[in-house]
Amino acid sequence: MRRWFALAGLLLSLTLFWVGPALAQSDSDTGGSQPTVLEGTLRLGFDQFFAGVEITVADQLGTRIGQAVTDAQGQWSVMVPGAGTYRVTLDESTLPDGIGLREGFESTIEAAVTEGASRAVVFAVGDAPKGTPFGERAAQTVFNGLKFGLIIAMSAIGLSLIYGTTGLVNFAHGELVTFGAVIAWYFNSSWGELNLIAAAVVTMIVCGMLGAGLETGLFRPLRRRRLGIFQLVVVTIGLSLLGRQVIQLFFGAEPLPYTDFQVQERWEFGPWAVTPRELVTVAVIIAILLVMGVMLQWTRFGKATRAVSDNASLAEASGINVNRVVLMVWAMGAALAGLGGVFQGLDTDIDPFLGFQLLLLIFAGVELGGLGTAFGALAGSLIIGMSTEVSTLWISPELKFVVPLAALILVLLIRPQGLFGIKARVG
């Protein structure tokens, strides 16, 4: 019965991709979709807003579509007829005296927007921000590193638990992250227009069912056929390629934001300037990881999971249902990966390569902490996230991903089993 339920979850998850574009098209045909809008906020820093500035929107042929004037909060918006690329022009003569565009920036910006979405257009107005003291920049990057490390940890723990219970290195785990971000976007922006919090909860359920379906419908039968780990790893690589292309086919290649929690004022706490969504992201992830830690340490499921990770044959001989434990680990790992994708999509934008771009860092966090250990994956992910962001204090942001990988190589040269791994003889 559980097998058929998991297979139904897999079919449901795949059906969401097939019917999503049709539902979105149906909404637009019946006039039920959201208007397509170009908008923005004209400001300098976080406290100086420019009112009375004229913004004009035209199509690619130069035909004027609409005009707006910024309000007291510097906000403006223009409704456009549909998806496409538009030319947004700021009238510099309407800016306050002594204020102009920054050197090297143009008064006309080409902005692409999809049907029923809102696209923010940013004009660089006023003098460039003065250099921030090194101490403040260091404090801010530490917070950014903590947030990024926690997002990586959300996905890394699931990958580590799957490896610990099955010995499988799942190269399709990045696509589970992307799948979660995309499904949440559909529920938040296209299908039911749910609040992002509700969409994230639904996403965890859908991703959990997808993970259970993959285990029951694919990997368990393959293990019963006595396929080796190498063959199963090749299967995950194929799933990764297939999943990435399917997501790109239905979602598209252009990065898109969620509808909720996009434009927020930053709160200042000493040297830190953070948005409410960043604080909520950090708080929610910490709470979830604490619950995971308590569950793995003190509940029967947690003890059974650790027993299967230590020795699956001995655990089965002791009366533990190994297949049930592996099924629950797959469901839980996929749900955590999907939620990690939601948080990453909220921090950046959603695109078909979101999870793939994180996959190498997820592997680095798991390997650094020690394969198969959930707490090691957490510690390793925090180190990876922190070193990635803090390195931008001295090197170009384009090179920041080199530093954590170099740190991983250095640590493994000293301690090959990882920070929390256990030495074992092979052969």
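Me: Arg220: buried or exposed?

Reply: Arg220 counts as buried, at 12% relative accessibility. Buried means under 20% relative accessible area, exposed over 50%, and partly exposed in between, with a 1.4 Å probe and protein chains only. One caution: this is a predicted model, where local features need pLDDT of at least 70 and side-chain atom pairs count only at pLDDT 80 or more, while totals for chains, interfaces and linings use all residues. Residues are numbered from 1 along each chain as its sequence is written, and side-chain values use heavy atoms, with hydrogens and water left out.

Me: Which side chain does Arg220 meet in a salt bridge?

Reply: Glu215, at 3.3 Å from N to O. A salt bridge here is a side-chain nitrogen of Lys or Arg within 4 Å of a carboxyl oxygen of Asp or Glu. Glu215 is buried, with a relative accessible area of 0%.

Me: And with which Arg does Glu215 have its closest N and O atoms 2.7 Å apart?

Reply: That is Arg223, in another salt bridge. Arg223 is partly exposed, at 27% relative accessible area.

Me: Which residues do salt bridges that share partners join into one network?

Reply: Lys147, Glu278 and Asp347.

Me: How many salt bridges does the count come to?

Reply: Six, by that rule. One of them joins the side chains of Glu175 and Arg244, at 3.2 Å from N to O. Glu175 lies in helix α3 and Arg244 in helix α5, so this pair ties together parts 69 residues apart in sequence. Helices are DSSP runs of H or I with at least four residues, strands are runs of E with at least two, and both are numbered from the N terminus.

Me: Is the Glu175 end buried or exposed?

Reply: Glu175 counts as buried, at 5% relative accessibility. Arg244 is buried as well, with a relative accessible area of 9%.

Me: Over the face of which residue does Arg244 lie?

Reply: Phe356, at 4.0 Å from the ring centre. The rule for a charge over a ring is NZ of Lys or CZ of Arg within 6 Å of the ring centre and within 35 degrees of the ring normal.

Me: Let's stay with α5. What should helix α5 span, and what do its end C-alpha atoms give?

Reply: Helix α5 covers residues 229-251, 23 residues in total. At 1.5 Å a residue α5 should span 33 Å, and its end C-alpha atoms are 32 Å apart, which agrees. The expected span is 1.5 Å times one less than the number of residues.

Me: Which α5 residues are buried?

Reply: Among them are Leu232, Val233, Thr236, Ser240, Gly243, Ile247 and Phe250. Just after α5, Gly252 takes a positive phi of about 100°.

Me: Switching to rings. How many aromatic pairs does a search of the whole structure find?

Reply: Six. Rings of Phe, Tyr and Trp (its six-membered ring) pair if their centres lie within 6.5 Å; planes under 30 degrees apart are stacked, over 60 edge-to-face, and the rest tilted. Tyr186 and Phe251 have ring centres 6.5 Å apart and planes at 85°, so they are edge-to-face. Tyr186 is in helix α3 (residues 173-190) and Phe251 in helix α5, 65 residues apart. Tyr186 and Phe251 are both buried.

Me: Which residues form one aromatic cluster?

Reply: Trp185, Tyr186 and Phe251. Elsewhere, Trp267 and Phe269 form an edge-to-face pair, 6.5 Å centre to centre with 80° between the planes. Trp267 is partly exposed at 43% relative accessible area, and Phe269 is partly exposed at 41%.

Me: Now sheets. What order does the open sheet of four strands have?

Reply: β5-β4-β7-β8, with antiparallel pairing. Strands β5 (64-69) and β8 (108-113) stand at the edges with a single partner each, so one side of each lacks a neighbour in the sheet. Two strands pair if DSSP finds at least two bridges between them. β4 (residues 54-58) and β5 pair over five bridges. Ile55 stands opposite Ala68 in β5.

Me: And the order of the open sheet of three strands, what is that?

Reply: β6-β1-β9, with mixed pairing. Its edge strands are β6 (75-80) and β9 (118-120). β1 (residues 36-41) and β9 run parallel, joined by three bridges. Leu38 stands opposite Arg119 in β9.
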